[in-house]
Amino acid sequence: MGVEDSLVILDGNEDKAERFGRAITGISGSCPPMATCIQSELYYPTSLLADLCASHLAYQIDHPRHCSEVTPTAPVTKEEFNHLWGPAYNEIINSSTPVYTEPIEQRRAETVPTRMNCWFEGVMGGGEPVQFESSVRPIVQYTRRKGYEELATRLSEV
C-alpha cells in the first residue's frame, strides 16, 4: 500500500494536523493525506485501542516502582529516533508552508449507533451535530450481503 492509498486520521483539530504535517514533512520531505477527527476513540476502535495502550504505557513509565518492566517493550524514543527530533521540531517552528487536510465531512454524534453510521459512511467525528439519529441497519444489511452473518447478527444487537 502506497502513500496515495493511505489516510492519516489524527485525533484532534486542524491545529494538531498543522503540527503533525509540518513535523512529518521535516522528517520525510512530504506529508501523507490527512484528516482530523475530534475524539476519534469514540468513532474508531483502533483509536480507542491506541489510547488504552498509550495510557497503560504512560502509567508504567510514571510508576516504575509498581512495574518491573514496560510491557509491551518499545524503543526508547529519545535514543533510537534522536536523529529525527531536530528536523521535525525545526519544521514545526520555522515552516510557514500550509498543511492540507482532506475535505472530509465532520459530524458530531451522541449515540453509539450514530457514531457507527458516521464511520460506515466515511464521516469524521467533530463539527456540527448529526441532524437525526441513525440506526445500524445499513451496516447490518451490508455485512449480510458480504456474507458475514455472525457479524451482522451481533451488529443488529447494538
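Colleague: What is the relative accessible area of Trp119?

Modeller: This is a predicted model, in which local features need pLDDT of at least 70 and side-chain atom pairs count only at pLDDT 80 or more, while totals for chains, interfaces and linings use all residues. Residues are numbered from 1 along each chain as its sequence is written, and side-chain values use heavy atoms, with hydrogens and water left out. A residue is buried under 20% relative accessible area, exposed over 50% and partly exposed in between (1.4 Å probe, protein chains only). Trp119 is partly exposed, because its relative accessible area is 45%.

Colleague: In which helix is Trp119 found?

Modeller: Helices are DSSP runs of H or I with at least four residues, strands are runs of E with at least two, and both are numbered from the N terminus. The protein has seven helices and five strands. The one that holds Trp119 covers residues 112–121 and is helix H5.

Colleague: How are H5 and H6 oriented to each other?

Modeller: Helix H6 spans residues 137–145, and its axis lies 9 Å from that of H5 at an angle of about 50°. The contact (heavy atoms within 4.5 Å) is made by Met116, Asn117 and Phe120 of H5 together with Pro138, Ile139 and Tyr142 of H6. Axes are lines fitted to C-alpha atoms, for helices over the stretch in contact, with angles from 0 to 180 degrees between N-to-C directions. Since under 35 degrees counts as roughly parallel, over 145 as roughly antiparallel, 65 to 115 as roughly perpendicular and the rest as oblique, H5 and H6 are oblique.

Colleague: About how far apart along the helix are Glu18 and Arg22?

Modeller: These two form a salt bridge, with the closest N and O atoms 3.0 Å apart, the term requiring a side-chain nitrogen of Lys or Arg within 4 Å of a carboxyl oxygen of Asp or Glu. Side chains of opposite charge can pair when their charged atoms come close. Because Glu18 and Arg22 are four residues apart in helix H1 (residues 14–28), their separation is about one helical turn.

Colleague: How many salt bridges does a search of the whole structure find?

Modeller: Among them is the pair Arg144 and Glu149, with N to O at 2.8 Å. Another joins Glu110 and Arg108, whose closest N and O atoms are 3.4 Å apart. For the whole structure, the number of salt bridges found is six.
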